[in-house]
Amino acid sequence: MPTVNAYAAMSATEELVPTTINTREVGPHDVRIAVAYAGICHSDIHTARNEWGNTAYPVVPGHEIAGTVAEIGSEVTKYQVGDRVGVGCFVDSCRECEACVLGQEQYCRRGMVGTYNSTGRNGEPTTGGYAQEVVVDANYVLRIPDSLGLDVAAPLLCAGITTYSPLRHWGAGPGKRVAIIGLGGLGHMGVKIAAAMGAEVSVISQSLKKMEDGLRLGAQHYYATDDPATFKQLRGKFDLIINTVSVNFDINKYMGMLALNGTLVELGLPEKPISVRAMSLTANRRSLAGSMIGGIAETQEMLDFCAEHDLGSEIEVIPAQQINEAYERVIASDVRYRFVIDNSTL
Ligand code: NAP
Ligand code: ZN
Ligand code: ZN
């Protein structure tokens, strides 16, 4: 089995360390991808630190993968060596259930196979993009349009699709007042994509520190929650609110910002349950919903949409040796707006 360099978390309390892993041999339907860049998603941090209580160590995170095809299996026709490709949050699913048939493999009834911290069909643990190579079934590989750099495309494979899918599903477009809570990795892509869809976009951030960026990315309005007047001012203002905050906070205060029939879509995955007052829902006939990444076909649609509208991620490229430092900065909301690992430094 080919051995490649990687970074892994060995336990919930230790920093990630360099290591080597064995990737599987390329099967008839697989492609081997030389990873050029891997984005750092906050979910990588939740997982590395076992904040969801389901991490199997060692874990090699990374589900925002961009690179080139290095080898193809005998039955693969969709890709050729040298093609620019990406891999997102899952690498397999049952392919038979209702969700899979509908192309919503992320909701596979039998459970999708996660890109990392999961068990592949061969019974081996899956390993993510903090590695020189990944081997993935070609059906779960995306094509990265030529006009998008691989570095700015990598974060689209999670942050891009996770915001694109609910924006499409809940009809973001002209006449819709959309608010994005949290201007981090997901949030900044949410702003760009919602604006490109034609919605009136507001950012709700903890402070006004990133206001100039938010407006440049396409928001028309920018609000800070460190000013208590914001909550009063925004009562009943939005048709759709996308919450990307990674920690627990009082969601009821934000539900109050929904207009009649408005929906708040939860994307953030904080450690503890969310507490919602019944009145937060009954007033204005509001909905609280959730959404998880997107299917393969929709991910390709998102990549093509981003290419068409020239929407790459705003990134800070780091060598692998700075992963732990980057984690601390993400947690401190000190990221503009996605750290991307240059995998040549592995
Ligand atoms: P991120 O880059 O860290 O962004 C989160 C943002 O939340 C921060 O930039 C910050 O924005 C805001 N925030 C942080 N702490 C806060 C606090 N104490 N109070 C209020 N706001 C706070 O994280 P990400 O990579 O975008 O991921 C966000 C969350 O989504 C994570 O929980 C991740 O696991 C989850 N996620 C879910 C899916 C899905 O399919 N549903 C997919 C990917 C990720 P401001 O500085 O602007 O306030
Ligand atoms: Zn992610
Ligand atoms: Zn399925």
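This is a predicted model: local features need pLDDT of at least 70, side-chain atom pairs count only at pLDDT 80 or more; totals for chains, interfaces and linings use all residues.
Local features need pLDDT of at least 70, side-chain atom pairs count only at pLDDT 80 or more, and totals for chains, interfaces and linings use all residues. Residues are numbered from 1 along each chain as written, chains are lettered from A and ligands numbered from 1 in written order, and side-chain values use heavy atoms, without hydrogens and water.

The zinc ion (ligand 2) is held by three donors: Cys 41 (SG), His 63 (NE2) and Cys 158 (SG). The distances are 2.0 to 2.2 Å. Donors are N, O and S atoms within 2.8 Å of the metal (3.2 Å for Na, K and Ca); water is not among the atoms, so a site may look incomplete. Along the chain, the spacing of the donors reads C-x21-H-x94-C. His 63 and Cys 158 link distant parts of the chain, 95 residues apart. His 63 sits in the loop between α1 (42–48) and β4 (65–72). Cys 158 sits in the loop between α3 (150–153) and α4 (159–169). Helices (H or I, at least four residues) and strands (E, at least two) are DSSP runs, numbered from the N terminus.

Buried means under 20% relative accessible area, exposed over 50%, and partly exposed in between (1.4 Å probe, protein chains only). Cys 108 is also buried, at 8%. A search of the whole structure finds zero disulfides. A disulfide here is a pair of cysteine sulfur atoms within 2.5 Å.

Helix α4 is mostly covered, with nine of its 11 residues buried. Among them are Ala 159, Ile 161, Pro 166 and Leu 167. The buried residues pack against β10 (177–181), α5 (185–196), β13 (238–243), β14 (258–266), α10 and β17 (338–342). Contact means heavy atoms within 4.5 Å.

Helices α4 and α10 (residues 296–308) pack at about 100°, with their axes 10 Å apart. This makes α4 roughly perpendicular to α10. Axes are lines fitted to C-alpha atoms, for helices over the stretch in contact, and angles run from 0 to 180 degrees between N-to-C directions. Angles under 35 degrees count as roughly parallel, over 145 as roughly antiparallel, 65 to 115 as roughly perpendicular and the rest as oblique. In α4, Gly 160, Ile 161, Tyr 164, Ser 165 and Arg 168 meet Glu 298, Thr 299, Glu 301, Met 302 and Phe 305 of α10. Just after α4, Gly 171 takes a positive phi of about 70°.
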